[in-house]
Number of protein chains: 2
Amino acid sequence: MENFELTILGCGSAMPTTRHYPSAQVLNHRDRFFMIDCGEGAQLQYRRNKMKFTRLQHLFISHLHGDHCFGLIGLISTLGILGRTGELIIHAHADAERVFKPHLDYFCHELPFNVRFNAISPSKNEIIYEDKALRVSTLPLKHRIPTCGFLFEEKEKERHLIGEMIKFYNIPVKEIADIKQGADFITPEGIIIPNNRLTRAADPSSRYAYCSDTIYQNKLISLIEGVDLLYHESTFADDNKARAKETFHSTAIQAATIAQKAQVGKLMLGHFSARYMDDSIFLQEAREIFPDTILANESLKIKF
Amino acid sequence: MENFELTILGCGSAMPTTRHYPSAQVLNHRDRFFMIDCGEGAQLQYRRNKMKFTRLQHLFISHLHGDHCFGLIGLISTLGILGRTGELIIHAHADAERVFKPHLDYFCHELPFNVRFNAISPSKNEIIYEDKALRVSTLPLKHRIPTCGFLFEEKEKERHLIGEMIKFYNIPVKEIADIKQGADFITPEGIIIPNNRLTRAADPSSRYAYCSDTIYQNKLISLIEGVDLLYHESTFADDNKARAKETFHSTAIQAATIAQKAQVGKLMLGHFSARYMDDSIFLQEAREIFPDTILANESLKIKF
């Protein structure tokens, strides 16, 4: 059962190339779109992927380096032209409001919707968004400026009712919600019918972790243990291990090590440095350690 | 003789489409690059066209609508990463410095080069840049906010010396500069040798006018009379004539009328509204009035 669909809009690093746009991606959960990072050109890529602008309500910005947020103003401006209403929420470091608000006031002063900045604390691991079905929390990362990743977790789902059994025991409607949550049923005669006779297991919940940009750190492992998909930056290959450390980035091998230790379902590498003409080096190096690795690429879509 | 090369980086309007980037173009004059407008993605398009970032020293911003300037910060940031030195001059309305400076300070605080804003007065027709060979002046336009076009004019060139004649009259080196400027030569015996016996005509100078965004106005005609190439906005076709007026934009027919009245060499239409799936309507309508019309398109290069 697929719960999420991730679309990569950009997976390059600071210097854009002819192959990669800067960081931006969209996670679709039940037709609600969550954008993660918003590098320059994100709105162009969004359109190129024929995604509906109206579905977008939340933006999550990992950190305030330009390659992760220079697309914000253009995207918001376009949403304005499109006549979007309601609210757009930008989850980002507190500086974001201070830095982008004057731009919004100057360039987008007649927006038909409200832009709300939700100041997050990148150094904490805490829930920053929650709805009926989903929970998003910050994953503290270690980069040159305050940075966090994001963990998207589906909440535990309701168990499936077994129709015939509900009928057979003549269960009243008011009991149904509890039974879906796992409650047993007690008949008027006082007999306990265990929940597993009335329901089948809930669909599994999916989890997605986005980690970019960061130096390798063991601390991350326990926070993302067992996620279905991990997007981890892999700015450099092993040939630039020293440079990765110096610039607080990771190599493909380090990303794969995190994936392997955290026993994730699948690893997607991204945030590739412009110096590599061919990204397959990242894949080769990572697969030595964690075979279920794939490379991000513009317009790649993956369901999980 | 071709003096300029123009490269279109983007020729869409406010709403980006899968076909067009927002406004940005580069005029190459003797390997000095002048960027005109800088919509989102300009740096990506610049790179895609394999143009050298080091050649870029001047940016001219017609007005402060997002589709003409949202690419500035990304471009400057990339120039910083590339280690560019010296100075980058942004010719734009005075607000530009107020609006963009805080962003530069936040995102690009360690730039290895200086960004200087040259505040221009869009309502005036005046020279804003001059070097040995080129002159740039503002062309007042009429849009919803202060807006100007730009006229790029090569200065009059030196006449070509006729080698044999220079030798024949044994002309001293110190006279050469004046003769190239058109002076006659007086022999030691007092005989006047007219300049046209010593030189051939100078190469013709080229002129380029960029006019976007603007409502139709006759006033523009005399300012751009006889330019070799006119880039004029053509946001709408004739079917949206009323909307053009309302939003202070031009139709293809209006752009062609300007071109025809100003007797320009060639007209290039751009700034196409996202509502047209096929730009050929602009071409058809304009050519009825001014046959030597072409359509701008991303990565189109034209020499003149």
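## Before we start

Residues are counted from 1 along each chain as its sequence is written, while chains are lettered from A and ligands numbered from 1 in the order in which they are written. Since this is a predicted model, local features need pLDDT of at least 70 and side-chain atom pairs count only at pLDDT 80 or more, but totals for chains, interfaces and linings use all residues.

## Two copies, one axis

Let's begin with how the copies are related.

## Where the chains touch

Chain B puts 23 residues into the contact, and chain A puts in 23 residues (contact means that C-beta atoms, placed from the backbone, lie within 7 Å). On the chain B side, the elements giving two or more residues are helix H1 (42-48), helix H2 (72-81) and H3. Helices here are DSSP runs of H or I with at least four residues, strands are E runs of at least two, and both are numbered from the N terminus. That side of chain B has eleven nonpolar, nine polar and three charged residues (Ala, Val, Leu, Ile, Met, Phe, Trp, Tyr, Cys and Pro count as nonpolar, Asp, Glu, Lys and Arg as charged, and the others, Gly among them, as polar).

## H3 meets H3

How do the two H3 helices (residues 95-107) pack? Their axes are 10 Å apart, at an angle of about 160 degrees (axes are lines fitted to C-alpha atoms over the stretch in contact, and angles run from 0 to 180 degrees between N-to-C directions). H3(A) and H3(B) are therefore roughly antiparallel, a label for angles over 145 degrees.

Val99(A), Pro102(A), His103(A) and Tyr106(A) meet Val99(B), Pro102(B), His103(B) and Tyr106(B).

## A sheet in chain B

Seven strands of chain B form an open, mixed sheet, in the order S6-S5-S4-S3-S2-S1-S18 (strands pair if DSSP finds at least two bridges between them). At the edges are S6 (114-120) and S18 (301-303), each pairing on one side only.

S1 (residues 4-10) of chain B pairs with S18(B) in the antiparallel sense, over three bridges. Thr7(B) has Lys301(B) in S18(B) as its bridge partner.

Key:
Parallel < 35°, antiparallel > 145°, perpendicular 65-115°, else oblique. Contact = placed C-beta atoms within 7 Å.
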